[in-house]
Amino acid sequence: MNQFLLDANIFIQANRFHYPFDVFPGFWEWLDGEMKKGVVTSIYPIYEELKAGNDFLTEWAEERKDAGWFLPVDDEGTQTEYARIASWVIDEKQGYKSTAIDEFFDVGDSWLVAKAAAEKMTIVTHERLNAQRKNRVLIPNVCHAFHIEYIDTIELIRRTGARFHLK
């Protein structure tokens with residue numbers, strides 16, 4: 001089965017807008033179940049982003065920090081891919097503004113793409129491909145350049161066959 005790597009915005013937007021914990025506990029239970037089956041996961045730099053939120057999502061992430069939810073990024077394959085991705089992003093031919101480059105490397109995005117490349121995983125993100133945007137390095141733009149698949153939450157739900165029903 002394909003393994004899916006979740007971006008921070010999947011957790012954050014689910015909590016704030018689409019599937020808040022108090023209204024959609026089934027969504028979060030489903031995520032935990034998919035993680036236990038080895039279908040979904042994320043990385044430690046994404047955990048660090050979630051930890052900074054100081055809300056219920058922060059507590060949720062902290063409870064899962066050492067439970068297999070967040071993969072390390074210090075393995076050789078991820079480090080190698082990170083170097084390749086970094087070279088591409090900073091190459092003047094890409095045309096990214098220096099602030100966009102700095103932000104890409106300051107958050108978990110660069111590591112997420114590197115881990116996905118190293119492990120042949122599909123990234124789940126709410127970001128959309130926009131090759132013309134140069135004031136932000138978008139995950140789909142980098143994925144496109146490195147032939148890494150990316151999808152959104154609804155496509156993840158479809159691919160896993162999950163169905164949510166009201167009681």
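In this predicted model, the largest nonpolar core has 52 residues, a nonpolar core being a set of buried Ala, Val, Leu, Ile, Met, Phe, Trp, Tyr and Cys residues joined through side-chain atoms within 4.5 Å, where buried means under 20% relative accessible area with a 1.4 Å probe and protein chains only. The residues with the most contacts inside this core are Leu-6, Phe-11, Trp-28, Leu-31 and Val-40, while helix 7 (residues 109–119) gives the most to the core, with 6 residues. Helices here are DSSP runs of H or I with at least four residues, numbered from the N terminus. When its neighbours within four places in sequence are left aside, Phe-11 is in contact with Leu-6, Trp-28, Leu-31, Ser-42, Ile-46, Leu-50, Leu-57, Trp-60 and Trp-69, contact meaning heavy atoms within 4.5 Å.

Residues are numbered from 1 along each chain as its sequence is written. Local features need pLDDT of at least 70 and side-chain atom pairs count only at pLDDT 80 or more, whereas totals for chains, interfaces and linings use all residues, and side-chain values use heavy atoms, with hydrogens and water left out.

Helix 5 (residues 76–90) packs against helix 8 (residues 139–146) at an angle of about 110°, with the two axes 11 Å apart; axes are lines fitted to C-alpha atoms, for helices over the stretch in contact, and angles run from 0 to 180 degrees between N-to-C directions. Helix 5 and helix 8 are therefore roughly perpendicular to each other, the term used for angles of 65 to 115 degrees. Their contact is made by Arg-84, Ile-85, Trp-88 and Val-89 of helix 5 together with Asn-141, Val-142, Ala-145 and Phe-146 of helix 8, and by class it has 6 nonpolar, 1 polar and 1 charged residues. In this classification Ala, Val, Leu, Ile, Met, Phe, Trp, Tyr, Cys and Pro count as nonpolar, Asp, Glu, Lys and Arg as charged, and the others, Gly among them, as polar.

Helix 5 also packs with helix 6 (residues 98–106), at an angle of about 165° and with axes 10 Å apart, and the two are therefore roughly antiparallel, a description applied to angles over 145 degrees. On the helix 5 side the contact is made by Tyr-82, Ile-85, Ala-86, Val-89 and Ile-90, and on the helix 6 side by Ile-101, Phe-104 and Phe-105; these residues divide into 8 nonpolar, no polar and no charged.

Technical notes: Parallel < 35°, antiparallel > 145°, perpendicular 65-115°, else oblique. Buried < 20%, exposed > 50% of the residue type's maximum accessible area, 1.4 Å probe, protein only.
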